[in-house]
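Notes follow, in the order I checked things.

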Amino acid sequence: MPGGGVVAVTGTADVNRVEAPVTVKAYLVVAFAAFGGIFFGYDTGWMGGVLAMPYFINQYTGMEYPDVKFPGLSSDNQQVKDYTKTFVIPQWQQSLTTSILSAGTFFGAIIAGDIADFIGRRTTIIIGCGVFVIGGILETASTGLNVMVGGRLVAGFGVGFISAIVILYMSEIAPRKVRGAVVAGYQFCITIGILLANCVVYATQNRRDTGSYRIPIAVQFLWAIILATGLAILPESPRYFVKKGKLDKAAHALARVRGQPIDSEYIQDELAEIIANHEYEMSIVPETSYLGSWMACFEGKITQPSSNLRRTVLGILMQMMQQLTGINFIFYFGPVFFKQLGTVKNPFLMSLVTTLVNVLSTPFSFVMVEKIGRRTILIYGAASMVVMQFIVGIIGATAGRESENNQNAVRAMIAFICLNIASFATTWGPAAWIVIGEIFPLTIRSRGVGLSTSSNWFWNCIIGVITPYLVADQPHSAKLGSNIFFMWGGLCVVSFLFAFFMVPETKGLTLEQVDKMLEESTPRTSRKWKPHSTFAAEMHLGKFTPMTTTSWAYANNYIRPEAY
Ligand code: BGC
């Protein structure tokens, strides 16, 4: 009865019927979105390698190649060794080119949330691909610092759109039982992206022409084309349409993402639950003006686990702590760091090994996030990284020192660095993204995910800027060398405490049930919480009055009183 009054009839009171069953085709639809991770990974992966490329260093600094400066001398010669150490891009340029991407991404992720609410999740990701291509063209064309930095900034904007909204999109369309695994698939694609970047860099590193860095950069266009084309075919998120009050479109989109006919009872029940939850959230924190809707992200008490403020802070800190585990120190500055250890023969090959460990360990998380749960793996992951990083720090400060020239000690350091990567890849890597996709109510979800993602990039940027100054063996640097692992290990202690005291368990729940769980439990009791009622049923029982009548009148077209 479109245009009617307040509708008191609702979907289902059965907590097991709040999500429609899913077909294989529908799983594939959801899985494709994970491809967005390739962008993220590839773009962060090529810079470290390019910065260590002889041609790139020669072009940017004007310094002669070591073999040109010392013709006929082998690389083991002390004079050549000393010169090779100084044959690097200056720290400030390393910092700038690495971190400017994250600066662009930071702003991209913040505004992406707004755009995704305005024009839809899917279209925002497609626009992100377009922006990214423009940045990529500048990067490929560059022969000096300025154009490269400009290109990285623009490309960063695009990556910001993609990294925030793919998470939002996937979390909104994935079935609850595999939502964690599907978002972990996104993390898997990030790791594949980093690996691919390393492989391409490895293949072109010794070229003495612009192809050395242009080829790795240009490969990125392929990812943009694949993602944009794929998303043009995929359905929009039904939750976006519910937020917009376009319930007919929401029903169509939901039917497509679940692979069910539109008139299926399951689709009607699930849609009713999403609508009821949205109305409920709107009744607590109504959306007002544009500014008011931003302010809504910070409403409520920090001590209340379900308040918007608490959820926003949780998302922002979650991504901050993920970055402060120090994982990107290894991926961004791996080649430079391994070169400094002095005893590592082939630093490029070493970073290829570390990225391979990252890729191969991530799939374990697909099962772990669903079976063990997000909260638990975050706690154990942080604890494991504390141990690994302290061991690396201790060996580096003792038997692993360059002056000791102890190959076995360096091998042991590398082994523990790899174990640290595996700990990250199975826990904090995927779980940080999964949690931010799940904790926000629909009213502020796009902004919450955007803010959390921008926190990831903000800290990513800070790490990009400061680490060359912390570790490099150059004037004006703290020369921490491998002692930096004590710092990362210490920060992982903070991550451990954060996960223990602040992160709730969200596995197996629909996004709407997460909302209820946050209201009725604390992070430490959340694992035991079980769904006991539906939003649709509560509406029916008159626990609250729907705010708007029009959307309910529309909704009524899809809800059968007899189903209740
Ligand atoms: C992080 C990235 C990191 C990657 C490594 C992601 O979850 O956000 O910063 O480079 O994992 O696999």
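I started with Lys-516, which is buried at a relative accessible area of 6%; buried means under 20% relative accessible area, exposed over 50%, and partly exposed in between (1.4 Å probe, protein chains only). I found both residues in helix H25 (residues 511-520), three residues apart, about one turn of the helix. Helices here are DSSP runs (H or I, at least four residues), numbered from the N terminus.

A note on sources: this is a predicted model, so local features need pLDDT of at least 70 and side-chain atom pairs count only at pLDDT 80 or more, while totals for chains, interfaces and linings use all residues. Residues are numbered from 1 along each chain as its sequence is written, and side-chain values use heavy atoms, with hydrogens and water left out.

Next I looked up Arg-207 and Asp-209, whose side chains meet in a salt bridge at 3.1 Å, N to O. Arg-207 is partly exposed at 37% relative accessibility, and Asp-209 is partly exposed too, at 30%.

Then I turned to Asp-117 and Arg-121. Their closest N and O atoms are 3.0 Å apart, in a salt bridge, and both residues are buried. What network are they part of? I traced salt bridges linking Asp-117, Arg-121, Glu-172, Lys-243 and Arg-445.

My last entry is the tally: 14 salt bridges by this rule.

Note on methods. A salt bridge is a side-chain nitrogen of Lys or Arg within 4 Å of a carboxyl oxygen of Asp or Glu. Helices (H or I, at least four residues) and strands (E, at least two) are DSSP runs, numbered from the N terminus.
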